[in-house]
Amino acid sequence: MAALVGAAVGVLGSAFHLSVEGLMTGWPAFLRDTLQLSGPGLYVAGGLAAAAMTVVALWLVRAFAPEASGSGVPEIEGAMEGLREVRWHRVLPVKFVGGVLSLGSGLVLGREGPTIHIGASVAKAAADLSRLSGTDMRGLLAAGGAAGLAAAFNAPLAAVLFVIEETRRQFPYSSRTYIGVVLASLASAIVTEYLTGNVPYMALPVSQMPYGALPAFIGLGVVLGAVGVAFNRTLVWSLDHVRRLGQRRSFYIFPAVVGLIVGVLVFALPEATQGGELLAVHLAKEAPGLALLAFIVLLRFVMTMASYSTGVAGGIFAPILALATTVGLLYGSALETMVMLPADTLTAFAIAAMGGLFAATIGAPLVGMVLVMELTGAYAVLVPVMLTAIFANMVAQWLGGRPIYEILLERTLAIEAEARAAEANAAAAR
């Protein structure tokens, strides 16, 4: 059953990926080439189009499946812990269609969150149809989520480790459930490779680093540990403030404004839009100057916070990887002004930074190491990646940082409890 779920998720994940890419390339080309708009007219039309997609994506979530908001990973962890319910008949269509609209609009979001949630929803559907419950159902949920991550990045090994490391508190570990997760990830990866090709999604050729350069990667890990803690705290702060704005005015005002801005940036400054995986590869190969890199870091950070805070369906893996690449290049470029660096060191910093920021924000250093290897194919810099990731995780813990999905799950449960208390008070008043 896990293998069948994995294969189904591979098909759905590939369809989701292709749909997002089709929409993201389609509507800007339609405005620019078919309607032949340019200048202010193009920016206005782009802003209105992206705002409309963002608002519709949020309406789908709020009207039919509020739990489809965001990445969906905290929802799956909560379901495996018995704290949340996976309403797959609602989540599947909302996450797919809403995710295509939100990601296709250009918002700085990743597709891995939706595919993980879609995968777990497929697993829950299979569990319901076959009357599975208890440990088997929870194990199948984990298998479906792993299959979703494998489909998103064609990274089956990282997907298996994600379940083991990220959901270590919730995963009902046994040989039966473990094998199910592996089979689901493999089946998803095989189908995804068949449909989309077997090439590292963010392939970055790089040569091996000399041992003398390793201390610089430890320094990068220290920097990324602090950045990761700042990222998590700012994200939660943004979510809370946007929620309060929605309660006072309307939940659609902020998403509409963000959509307008993103629609303009799609044409004026595309580096500030979308998940950023391809941008990360481009920057790593081109290595622009310090000032431009600093500007992109700031812009990507702000746009990630704004995009995720809208409440639409979308993940944060890809934005984290793109932001990390830029931070790594900025760190390397600054270091290069002081000392001579070996060849390919900037690219190595960019690759290692992905694992480091992932470890600092998600709190899963082993997954970060393996995911980066599978994404880039840069096995020559495995040791620098490991050093960066583990020191970033250590510093994040020392600074009081916690895994972002753990924080988001607690926040969701607190909001739900607050809503139940308000309903009880209102009923008592009546």
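Trainee: Which class of residue, nonpolar, polar or charged, has what number in the lining of the largest pocket?
Mentor: This is a predicted model, and about 1,000 Å³ of space lies in its largest pocket. Of the 34 residues that line this pocket, P66, S69, R411, T412 and I415 are the closest to its centre. Sorted by class, the lining of the largest pocket has nine charged residues, 11 polar residues and 14 nonpolar residues.

Trainee: Which elements give two or more residues to the lining of that largest pocket?
Mentor: The space concerned is the one of about 1,000 Å³. The elements that each give two or more residues to the lining of the largest pocket are α2 (39–64), α3, α9 (214–248), α10 (253–268), α12 (290–309) and α17 (404–429).

Trainee: Which element gives the most to the lining of the second largest pocket?
Mentor: The second largest pocket holds about 450 Å³ of space, and of the 21 residues that line this pocket, M24, Q274, G275, E277 and L278 are the closest to its centre. With five residues, the element that gives the most to the lining of the second largest pocket is α1.

Trainee: How many charged residues are in the lining of the largest cavity?
Mentor: The structure holds one cavity of 30 Å³ or more, and about 80 Å³ of space lies in the largest cavity. Its lining is made by V73, I76, E77, M80, I116, L141, A142, G145, A146, F162, V163 and T167, with α3 (73–80), α6 (134–153) and α7 (156–166) each supplying at least two residues. By class, the lining of the largest cavity has nine nonpolar residues and two polar residues, and the number of charged residues is one.

Trainee: In which helix do K124 and D128 both lie?
Mentor: The side chains of K124 and D128 meet in a salt bridge, at 2.9 Å from N to O. K124 is buried, with a relative accessible area of 8%, whereas D128, at 36%, counts as partly exposed. The two residues are four residues apart, about one turn of the helix, and both lie in helix α5.

Trainee: What is the relative accessibility of E406, which meets R402 in a salt bridge?
Mentor: The side chains of R402 and E406 meet at 2.7 Å from N to O, and this pair belongs to a structure in which a search finds 13 salt bridges. R402 counts as partly exposed at 33% relative accessibility. E406 likewise counts as partly exposed, with a relative accessibility of 22%.

Trainee: Which helix supplies the largest share of the nonpolar patch?
Mentor: The nonpolar surface patch covers about 660 Å² and is made by I164, Y173, Y178, I179, L183, L186 and I190. One of these residues, L183, is partly exposed, with a relative accessible area of 41%, so L183 passes the cut-off of over 30% for patch residues. The largest share of the patch, five residues, comes from residues 175–196, which form helix α8.

Technical notes:
Residues numbered from 1 in each chain as written. Predicted model: local features only at pLDDT ≥ 70, side-chain atom pairs only at ≥ 80, totals over all residues. Heavy atoms only, no water. Patch = residues over 30% accessible without salt bridge, like charges linked within 9 Å, V, L, I, M, F, W, Y side chains within 5 Å. Areas by Shrake-Rupley, 256 points an atom, 1.4 Å probe, with all protein chains shown as cover. Salt bridge = Lys/Arg side-chain N within 4 Å of Asp/Glu carboxyl O. Buried < 20%, exposed > 50% of the residue type's maximum accessible area, 1.4 Å probe, protein only. 1 Å grid on protein atoms, 1.4 Å probe; cavity = no way out; pocket = protein on both sides within 12 Å on 5 of 7 lines; lining within 4 Å. Points joined across faces, edges and corners; volume = space filled by probe spheres on them. Nonpolar A, V, L, I, M, F, W, Y, C, P; charged D, E, K, R; others polar.
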